[in-house]
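Q: Could you take a close look at the pocket here and walk me through what surrounds it?

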Amino acid sequence: MLSHLKLGSADWNLWPISMDYGVTFPAFKRAGIENVELGIYTPSVELNPENRQRIAQLAKKNEVQVTAALFSLTPDRWPNGAFSNRDSSFLAECKIFLESLTNLDIKYANIWTGADLPGADIDVVKNSLKELNEIASKYSGLVSIEYKADTIFPDGESLAILLSDLSHLKVLIDTGHAFALEEDVVHLIKNLHAKKLMGAMHLGDALAGDSDADLPCGRIHDFSEIVHTLSDINYSGTVNFDLYGAAIDENGPGPLSILNESLQHMTSVMRDN
């Protein structure tokens with residue numbers, strides 16, 4: 001088994017059950033998940049000193065490790081954009097985000113924007129990326145940006161081009177988003193690795209065209225070749241399940257079931273590699 005991979009889960013997979021770390025951390029432990037990624041909307045609020053202390057205490061108590069956090073920029077919270085809005089507080093929140101993760105000894109800082117859409121001012125976006133790169137240069141961990149269809153960062157290759165001259169920002173591959181875009185995930189991993197742009201990963205499955213499906217790993221695609229490629233490049237970053245779409249599906253089997261389905265598939269694949 002690839003023991004160096006930090007296989008875990010995003011905490012938002014259990015949000016249909018509870019958003020309270022006092023509930024989700026022990027639930028992850030019982031499910032066999034020891035590495036957790038936090039979903040964050042407003043770092044200055046959710047990662048204030050009191051909340052950081054509670055996160056650290058609950059993680060220790062429940063024997064889970066918080067390995068990553070995702071700063072999620074949603075349209076309702078950033079109606080005028082974030083990367084594409086010169087007047088937003090996005091970069092100030094990013095600075096707080098990275099300082100807070102440093103305090104918690106979390107080494108993987110991830111950022112996703114659904115607030116910056118195709119057609120946004122790309123020059124403003126590029127300037128924000130440069131400023132973010134400078135902020136990231138002071139962080140001891142890895143900062144990765146997640147792409148998704150119908151956003152200003154719509155696919156892996158175009159995001160890689162934007163980040164090519166920014167030494168402290170990497171590309172986060174969400175396999176569900178990649179499958180929905182019909183990207184060649186193995187080729188993308190190799191390409192990003194060769195360019196030193198390979199960042200953190202999210203794991204999920206999807207049919208072509210359905211970026212919000214977030215199906216359990218192995219439901220549509222076999223992850224064997226992906227895992228084999230990660231082994232070949234000696235990847236040692238975080239690989240966290242992102243199954244939110246399936247978790248909130250009222251007609252589905254429920255969050256714990258899809259989490260277990262994904263874990264069983266990945267554990268089997270990793271064992272064989």
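A: Here's a walk around the pocket, ending at one of its lysines. This is a predicted model, where local features need pLDDT of at least 70, side-chain atom pairs count only at pLDDT 80 or more, and totals for chains, interfaces and linings use all residues. Residues are numbered from 1 along each chain as its sequence is written, and side-chain values use heavy atoms, leaving out hydrogens and water.

The largest pocket has a volume of about 450 Å³. A pocket here is an open set of points on a 1 Å grid over the protein atoms alone, where a 1.4 Å probe fits, with protein on both sides within 12 Å along at least five of seven lines; lining residues have an atom within 4 Å of a point. The volume is the space filled by probe spheres set on those points, which are joined across faces, edges and corners.

Its lining has 19 residues, with Trp12, Ser72, Trp112, Lys148 and Tyr244 nearest the centre. By type, that's eight nonpolar, six polar and five charged (Ala, Val, Leu, Ile, Met, Phe, Trp, Tyr, Cys and Pro are nonpolar, Asp, Glu, Lys and Arg charged, the others, Gly among them, polar). Strand 2 (35-40), strand 3 (65-73) and helix 10 (244-247) each give at least two lining residues; these are DSSP runs numbered from the N terminus, helices being H or I of at least four residues and strands E of at least two.

Now for Lys148: it's buried, at 14% relative accessible area (buried is under 20%, exposed over 50%, partly exposed in between, with a 1.4 Å probe and protein chains only). Lys148 also forms a salt bridge with Asp212, at 2.4 Å, N to O (the cut-off is a Lys or Arg side-chain nitrogen within 4 Å of an Asp or Glu carboxyl oxygen). That pair links distant parts of the chain, 64 residues apart: Asp212 sits in the loop between strand 7 (198-203) and helix 9 (224-232), Lys148 in the loop between strand 5 (142-146) and helix 6 (156-163).
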